[in-house]
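Biologist: Could you walk me through this model before I set anything up? I'd like to start with the overall shape.

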Amino acid sequence: MTEEKTTRELVYETNRDVKWICRALQRMEAQDLDFEARIRALEGWRAEKAGEERRISTVSAGAGGIVGGVVAVLVKVLGGG
């Protein structure tokens with residue numbers, strides 16, 4: 001024996017389902033915004049790291065040049081040049 005639902009009950013269930021779907025969509029949208037914010041933050045962090053790496057490589061190259069020059073002078077002086 002099936003129980004038929006009244007129009008009022010069907011409307012109530014439909015409204016409840018629609019509200020649940022709307023809340024789920026709002027949560028998904030909030031998660032998407034959080035995801036986009038995290039991606040932007042990661043891109044900014046990656047750009048900062050790239051800048052730091054460039055600075056470090058420039059400093060390393062300069063230090064390598066200075067050390068190389070000192071070694072060359074020492075070899076010249078100690079080698080009897």
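Modeller: The protein chain has a radius of gyration of 34 Å, whereas a compact globule of 81 residues would have one near 12 Å; the radius is taken over C-alpha atoms, and the globule rule is 2.2 Å times the number of residues to the power 0.38. This is a predicted model, in which local features need pLDDT of at least 70 and side-chain atom pairs count only at pLDDT 80 or more, while totals for chains, interfaces and linings use all residues. Residues are numbered from 1 along each chain as its sequence is written, and side-chain values use heavy atoms, with hydrogens and water left out.

Biologist: What does the C-alpha trace span along its principal axes?

Modeller: The C-alpha trace of the protein chain spans about 110 × 25 × 5 Å.

Biologist: And how many helices and strands are there?

Modeller: The protein chain has one helix and zero strands, where helices (H or I, at least four residues) and strands (E, at least two) are DSSP runs numbered from the N terminus. Helix α1 covers residues 7–78.

Biologist: How much of the chain counts as buried?

Modeller: Of the 81 residues of the protein chain, 2% count as buried, with buried meaning under 20% relative accessible area, exposed over 50% and partly exposed in between (1.4 Å probe, protein chains only).

Biologist: Is Val-77 buried or exposed?

Modeller: Val-77, which lies in helix α1, counts as exposed because its relative accessibility is 60%.
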